[in-house]
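Visitor: Could you walk me through this one? I'll ask as we go.

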Amino acid sequence: MALVNPDFVNEVKRTEEFNASACMNCGVCSAVCPMGLELLPRKLFRYVLLGLEDKVLANTETIYSCLLCKMCEANCPAQVHIAENVRFLRYYINKKVFKL
Amino acid sequence: MSDRRIGVYICHCGGNISDYVDVEAVRQAVEVEPGVVVAKTAMFTCSDATQQEMIEDIREQNLDGLVVASCSPKLHLFTFREVAKRAGLNPYRYTQVNVREQCSWTHTDDRAGATEKAVRLVRAGVARTALTEPLEPIVIDTVPKVLVVGAGIAGLRAAIGLADLGISVLLAEKSAAPGGWVAGFNKMYPHDRTGRLLIKQLVDKVKRRENITLFTDAELVAKSGSIGNFQVKIRVNGQKTEEISTNVGSIIVATGFDGYHPRDGEYGYGIDGVVTLPEYKEILDNAGDKMLFNGKEIKNVVYIYCVGSRQQTGENPHRYCSRYCCNAGVHAAVESAEKDPQVNQYHLFRDMRTYGKFELLYGRAREKGSVFLKFDDNEPPVVEKGPDGRLKVTVKDLLTYGEQVEIPADVVVLVTGMMPRENSALVDILKLPVGRDGFFNEIHPKLRPVETVVDGVFICGACQGPKNSAESVASALAAVTQSASILKKGFVELEPLIAVIDPKKCKLCDVCSKSCPYSAIEQEHYQGKTVARVNEAVCKGCGGCAPLCPDNAIDLKGYTDAQMESMIDAMLKEIG
């Protein structure tokens with residue numbers, strides 16, 4: 001059982017640029033990902049939206065594997081700023097986990 | 001031998017009939033029937049050319065009866081009645097025989113059998129036609145006045161529409177004030193005007209129209225008569241109760257719906273903090289800067305959708321979708337976020353159905369931070385009070401790959417659906433058709449959406465099924481048009497194929513009136529005795545009374561005992 005944390009998304013979301021909620025779970029992003037990152041980005045965004053911080057942190061490796069190539073973003077039918085969102089997450093993890 | 005002059009036309013229907021029925025053999029078999037003077041086959045009897053040929057035959061051969069053996073009367077009865085009419089032949093001397101649905105389409109494995117059956121059916125049609133009499137439609141003068149039952153948004157709008165067409169309106173509202181549900185609504189999508197204001201505008205318009213009389217605290221207690229001229233009695237409960245009797249030409253029922261009331265324990269209903277959507281809207285509408293519940297600020301809201309709608313199990317489940325609730329839930333979320341941008345909102349849904357332009361509202365809710373979680377019907381969310389006294393909702397979220405999540409909540413909003421309103425007295429008085437779901441039924445969901453099987457009684461708004469206010473108003477105006485189309489003409493024409501009672505034979509045993517599903521049998525005086533009489537305007541010609549009469553005093557015009565017997569004899573020819 002994962003506890004929903006409403007504050008988490010607000011910590012990650014530093015500007016209105018962060019728009020994970022627009023994701024409609026279609027899976028185009030996963031399909032076109034050149035890294036074959038199965039997790040990214042649709043699953044990740046659900047975890048962020050629900051504030052499942054543990055789930056997000058458990059995938060730190062994957063989050064840093066992203067090339068930020070924006071292949072997913074160019075193909076996203078819902079105009080989710082995927083690469084930008086990943087950057088937000090890295091920023092958060094840098095602060096919180098790596099204390100940078 | 002019959003002295004009738006009957007024309008028989010047998011249709012190939014392209015090949016729909018003639019591929020399996022030997023139409024030429026049928027023609028030869030029936031051309032020798034008594035009374036038949038013309039017997040022809042045609043590729044398509046419904047074609048203009050064949051219709052014209054029939055008209056010429058009727059005129060030249062002086063025909064006094066017409067039989068077309070083709071498809072179902074549902075398709076072409078009126079087509080060929082019109083042919084008869086155009087040729088100067090009384091349309092009720094026409095008989096349609098269905099050799100397509102009943103012979104060729106049914107017996108594709110037995111051509112000989114299909115042909116023989118067609119012969120027998122056409123013979124029966126000829127026999128019936130030989131005994132037809134010219135009949136005239138029943139003409140009823142209409143009263144240019146309408147009773148509208150229910151003064152919610154649909155009833156009010158219908159009343160104004162009728163009044164502006166020059167038709168007087170009697171508007172009867174059961175509660176103390178007009179306006180119904182919408183009168184209690186705050187801002188509405190998409191124009192943001194309040195329901196209160198909409199209703200106030202409508203009531204003002206009603207008041208300005210002299211030909212609308214609005215009664216509140218009023219109910220319909222009796223109705224008699226028929227389309228075009230109903231006698232209605234309305235009881236008005238004021239300081240002293242009074243009854244008003246008047247005549248109206250048609251009746252529009254706009255009695256609305258009831259909100260679903262969750263059972264105790266349904267999604268935690270009964271626990272402090274678990275509220276229905278209307279209850280939550282009240283909190284929202286009365287909130288100042290912050291939304292409060294029991295004096296505590298509301299920070300987390302969990303919505304659960306489809307409560308009381310799309311039920312699959314239980315006693316008398318509401319299987320239908322209530323249509324309005326997804327939109328209303330999402331709208332409440334947008335309003336909440338506008339009131340307090342910090343509020344966290346979680347929507348637990350089975351399927352979101354923010355159809356049409358409401359999709360934009362859905363998008364807006366999402367942009368304002370609402371999170372949507374999808375649950376499986378078989379694994380509904382569980383609402384409990386945690387040890388800390390706080391509400392918690394656990395749900396398996398299909399959009400997060402079946403992750404079990406627990407959401408802390410200050411209020412849980414059950415997005416409740418619509419229910420048919422309990423109206424058994426009105427149903428009884430108007431003989432309204434009630435569907436299996438408890439809402440009133442129209443004749444045809446697409447083509448005759450506001451008419452009921454009771455001629456002159458129309459339905460509109462949410463009494464017919466879940467509708468939002470815009471859809472209710474649209475159906476109200478449809479009911480206005482249908483009412484006006486009867487009343488503006490000044491008269492209605494009804495089918496004369498109805499029951500008649502021979503007063504000489506009637507002994508008034510009352511068996512017939514008890515059997516009539518339309519209350520069409522009245523009493524009259526005839527040569528010093530009281531006898532039963534059929535109200536022509538109310539009788540539907542179902543024939544239910546005729547075989548019950550112990551004195552054989554009842555006959556059904558167009559389907560008399562003599563006709564039925566002659567048809568049976570004709571079908572059994574060569575056998576009997």
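Guide: Chain A has seven helices and one strand, where helices (H or I, at least four residues) and strands (E, at least two) are DSSP runs, numbered from the N terminus. This is a predicted model: local features need pLDDT of at least 70, side-chain atom pairs count only at pLDDT 80 or more, and totals for chains, interfaces and linings use all residues. Residues are numbered from 1 along each chain as its sequence is written, with chains lettered from A and ligands numbered from 1 in the order in which they are written.

Visitor: In what order do the elements of chain A run?

Guide: From the N terminus on, β-α-α-α-α-α-α-α. The radius of gyration of chain A, taken over C-alpha atoms, is 13 Å, close to the 13 Å from the globule rule for 100 residues, so chain A is as compact as a globular protein of that length. That rule is 2.2 Å times the number of residues to the power 0.38.

Visitor: How much of chain A is buried?

Guide: 35% of its 100 residues. Buried means that 20 or more other C-beta atoms, placed from the backbone, lie within 10 Å of the residue's own.

Visitor: Switching to chain B: what is the strand order in the open sheet?

Guide: The five strands go E14-E23-E17-E18-E19, with parallel pairing. Strand E14 (274–276) and strand E19 (371–374) of chain B are the edges, each pairing on one side only.

Visitor: How many bridges join E17 and E23 of chain B?

Guide: Five, between strand E17 (residues 300–307) and strand E23 (residues 411–416). B:Tyr303 stands opposite B:Val413 in E23(B).

Visitor: Which helix packs on that sheet?

Guide: Helix H9 (residues 325–339) of chain B, touching E17, strand E18 (344–349) and E23 of chain B. The direction of H9 makes about 170 degrees with that of E17(B); axes are lines fitted to C-alpha atoms, for helices over the stretch in contact, and angles run from 0 to 180 degrees between N-to-C directions.

Conventions: A residue is buried if 20 or more other C-beta atoms lie within 10 Å of its own, exposed if 12 or fewer, and partly exposed in between; C-beta atoms are placed from the backbone. Two strands pair if DSSP finds at least two bridges between them. Two residues are in contact if their C-beta atoms, placed from the backbone, lie within 7 Å.
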